[in-house]
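Me: Hi! I have a structure open and would like to walk through it with you. Could we start with the overall picture and then go into details?

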Amino acid sequence: MANKAFSRKESIRVAPLHQPKAKVDLSELYEGKKGKAPAKAKLTYRGGALLTNVEVFTIFWGKDWNTATYKPVADAMNAFFDTILQSTLIDQLAEYNVPAYKIGKGKRTGTITISTGAPTHSITDSAIQAQLSKWISTNKSFPKQNKNTLYFIYFESGVVVSQGGSKSCSSFCGYHDAIGTKTFYAVMPFPSCQGCLGGNNAIDALTGTSSHELCEAITDPVPGAGWYDDHNGEIADICAWQFKKLAGYNVQLEWSNKAGKCI
């Protein structure tokens with residue numbers, strides 16, 4: 001669940017900070033051992049689009065992504081998507097199929113590292129939207145956009161993202177949103193604070209947050225218009241900071257209406 005300082009619209013789409021109790025054993029973060037989902041949690045369908053076979057395109061924005069320190073992180077994230085988009089994490093989302101939208105496995109359609117115009121200290125969501133729209137229309141390295149395209153934008157360490165009056169690493173660890181009703185994207189600030197690391201290393205923190213936003217974007221690409229719970233948020237919000245290992249990757253548990261728990 002999002003930080004109480006957020007408006008309702010903001011809380012729909014963000015991955016919140018980790019809020020541990022005084023002493024937390026790392027094993028408690030796995031398989032739902034830490035924290036229970038609200039007893040009355042239930043996602044209901046609001047009539048909007050779903051991403052049926054998501055096509056992820058990763059964008060690493062900043063000169064550091066070409067360095068020996070950070071390029072392995074970018075490579076790890078691309079490998080993560082190649083595996084997870086073909087995994088049981090996607091299969092389990094099929095329970096949220098509706099007549100017009102049948103959720104199935106996805107794929108990664110490419111990746112790009114961009115240094116030009118990269119922020120060095122901070123950037124706003126409106127600036128991110130403007131730049132993404134420009135890239136889509138002018139950068140020939142971008143794949144042709146379709147109804148399943150989902151852009152994941154990763155920022156280098158030290159860049160603070162501002163969205164709706166809130167800031168990364170002080171209020172959230174990532175979020176997804178839509179430009180209009182056809183361009184879907186997720187924003188991934190680098191996890192450089194304890195609230196976004198949650199006791200994990202940077203790659204595990206990034207895969208955890210990325211899986212959170214991935215499943216939310218598939219089931220609720222226009223925030224609040226797909227599958228949503230008025231009291232608890234999106235599919236991943238209900239299970240925030242509960243993880244499991246899947247194919248060697250740290251991924252977040254997701255709420256299942258059918259099972260009545262995080263799985």
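This is a predicted model: local features need pLDDT of at least 70, side-chain atom pairs count only at pLDDT 80 or more; totals for chains, interfaces and linings use all residues.

Me: Thanks. And how many helices and strands does the protein chain have?
Reply: The chain has 6 helices and 15 strands. Of its 263 residues, 54% are buried.

Me: Let's go to helix 2 and helix 6. How do their axes cross?
Reply: Helix 2 covers residues 71-84 and helix 6 covers residues 202-219; their axes come within 11 Å and cross at roughly 40 degrees. Helix 2 and helix 6 are therefore oblique to each other.

Me: Is that crossing left-handed or right-handed?
Reply: The crossing of helix 2 and helix 6 is right-handed.

Me: Which residues meet there?
Reply: From helix 2 you have V73, A76, M77, F80, F81 and I84, and they meet I203, L206, T207, S210, S211 and L214 of helix 6. By class, this contact of helix 2 with helix 6 has 9 nonpolar and 3 polar residues, with no charged ones.

Me: Now the largest nonpolar core. Which of its residues touch the most other members?
Reply: Those are L150, F152, Y154, L214 and W255, in a core of 45 residues. Elements giving two or more residues to this core include strand 3 (55-61), strand 6 (149-155), strand 10 (183-188) and helix 6. Helix 2 gives the most, with 6 residues.

Me: Changing topic: where is L43, and is L43 buried or exposed?
Reply: You'll find L43 in the loop between strand 1 (14-16) and strand 2 (44-45). L43 has a relative accessible area of 1%, so L43 is buried, the cut-off being under 20%.

Me: What does L43 touch?
Reply: Not counting residues up to four places away in sequence, L43 touches Y96, W227, Y228, D229, G233, E234, I235, I238, W255 and N257. W255 is also one of the residues that touch the most other members of the largest nonpolar core. As for G226, the C-alpha atoms of L43 and G226 are separated by 9.3 Å, while the two residues are 183 residues apart along the chain.

Me: What about G165? Where does G165 sit?
Reply: G165 is in the loop between strand 7 (160-163) and strand 8. With a relative accessible area of 81%, G165 is exposed. C-alpha to C-alpha, G165 and T124 are 9.2 Å apart in space, and 41 residues apart in sequence.

Me: One last topic, backbone angles. What is phi of C169?
Reply: Phi of C169 is near 70 degrees, a positive value in a residue other than glycine. C169 lies in the loop between strand 8 (166-167) and strand 9 (172-179), and C169 is partly exposed at 28% relative accessible area.

Me: And what about phi of A247?
Reply: A247 has a positive phi of about 55 degrees although A247 is not a glycine. A247 is found in the loop between strand 12 (243-246) and strand 13, and at 56% relative accessibility A247 counts as exposed.

Conventions:
Residues are numbered from 1 along each chain as its sequence is written. Side-chain values use heavy atoms; hydrogens and water are left out. Axes are lines fitted to C-alpha atoms, for helices over the stretch in contact, and angles run from 0 to 180 degrees between N-to-C directions. Helices (H or I, at least four residues) and strands (E, at least two) are DSSP runs, numbered from the N terminus. Angles under 35 degrees count as roughly parallel, over 145 as roughly antiparallel, 65 to 115 as roughly perpendicular and the rest as oblique. A crossing is left-handed if the near helix is turned anticlockwise from the far one by less than a right angle, and right-handed if clockwise. Contact means heavy atoms within 4.5 Å. Ala, Val, Leu, Ile, Met, Phe, Trp, Tyr, Cys and Pro count as nonpolar, Asp, Glu, Lys and Arg as charged, and the others, Gly among them, as polar. A nonpolar core is a set of buried Ala, Val, Leu, Ile, Met, Phe, Trp, Tyr and Cys residues joined through side-chain atoms within 4.5 Å. Buried means under 20% relative accessible area, exposed over 50%, partly exposed in between (1.4 Å probe, protein chains only).
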